[in-house]
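Hello,

Here is the structure I promised to pass on to you. Have a look at it first, and then read my notes below.

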Amino acid sequence: MIAQRPTAPQVFFAAALLVGALVSPAPAHARQPDPYQQWARVLERFVNDRGEVDFHRLAGERADLDAFLEYVARVSPRTAPKLFPGREAALAYYLNAYNALSMFNVINSGFPKSLSGLRKVWFFGIKQFSVGGERMSLYTLENDVIRPFGDERVHFALNCMSVSCPRLPRVPFRADQLNRQLDDEARRFFAESRDLQVIPERKLVRVSSILDFYTGDFLAKSPTLIAYINKYANKSIPEDYRIEFIDYDWTVNDQRSGRS
């Protein structure tokens, strides 16, 4: 059989298909840049497996942190809701924003060794930042914006850069993974002896003061604090155990502090 040469219309049609394939727009999800890519690099490069931050090295290599905070300053779910479809997208944004602003605030505050006393008032309540064009403090961001979402697990995700804060994860919070991430952070929190200590011979539970600071948030989801802890703890705790709260350590969680 002798192959037939393609006709001129056939050649034109094939060329049109090829050009169309080359210039056709990519799917919308492929065109959108990842808003958390810079924050992801900060967490990977400057946070260790214990959740400690190398603030001094970060201060000299701030391009990614500054770029992410510029994004936070420009947009937020309150001022650009179309960019954050759904509750999870909004909450993930605010959790990442809070943690990044806390990290920046340590550097901006001159690397304090502790956030206790009057320093705590300035760090959380007086110093203000731009979040989607709105000026607010970390205290306002946490209590007026994040806590009204009604998810008590945020207290295992928000990090004020102090030793007694929940361990800072090395990846950003993501809308499509948020429920699993928050559950993981809750389980990790109660798996650490600095946050939960069970003393059977005294029928005593010693737990992080975070559960004291925000008791109402946890009791909104469980009848007692022990019942709440049992949702995530590795081993069930009897309900008749007494609770003591572990003193909160406001020492800044710096890799260079000399702690093991």
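This is a predicted model: local features need pLDDT of at least 70, side-chain atom pairs count only at pLDDT 80 or more; totals for chains, interfaces and linings use all residues.

Now to α6 itself. Its 22 residues should span 32 Å at 1.5 Å a residue, and the 31 Å between its end C-alpha atoms agrees with that. Of those 22 residues, 19 are buried, so α6 is largely enclosed by the rest of the structure.

Helix α5, residues 63-74, is another one to look at. Which residues of α5 are buried? They are D64, L65, F68, L69, Y71 and V72. Viewed down the axis of α5, these buried residues fall within an arc of 150 degrees, so they line one face of the helix. In general, an α-helix has 3.6 residues a turn, so residues three or four places apart point the same way. The buried residues of α5 pack against α3 (37-46), α4 (55-60), α6 (87-108) and β1 (128-131). On the face turned away from the buried side of α5 are the exposed residues A63 and R74.

Finally, the protein as a whole. It has twelve helices and five strands, and 45% of its 260 residues are buried. Among contacts with a separation of 6 or more, 68% come from residues 24 or more positions apart. The accessible surface is about 13800 Å², with 55% of it belonging to carbon and sulfur atoms.

Enjoy exploring!

Notes. Residues are numbered from 1 along each chain as its sequence is written. Side-chain values use heavy atoms; hydrogens and water are left out. Buried means under 20% relative accessible area, exposed over 50%, partly exposed in between (1.4 Å probe, protein chains only). Helices (H or I, at least four residues) and strands (E, at least two) are DSSP runs, numbered from the N terminus. The arc is that of the directions from the helix axis to the C-beta atoms. Contact means heavy atoms within 4.5 Å. Accessible areas come from the Shrake-Rupley method with a 1.4 Å probe; for residues, only the protein chains shown count as cover. The expected span of a helix is 1.5 Å times one less than its number of residues.
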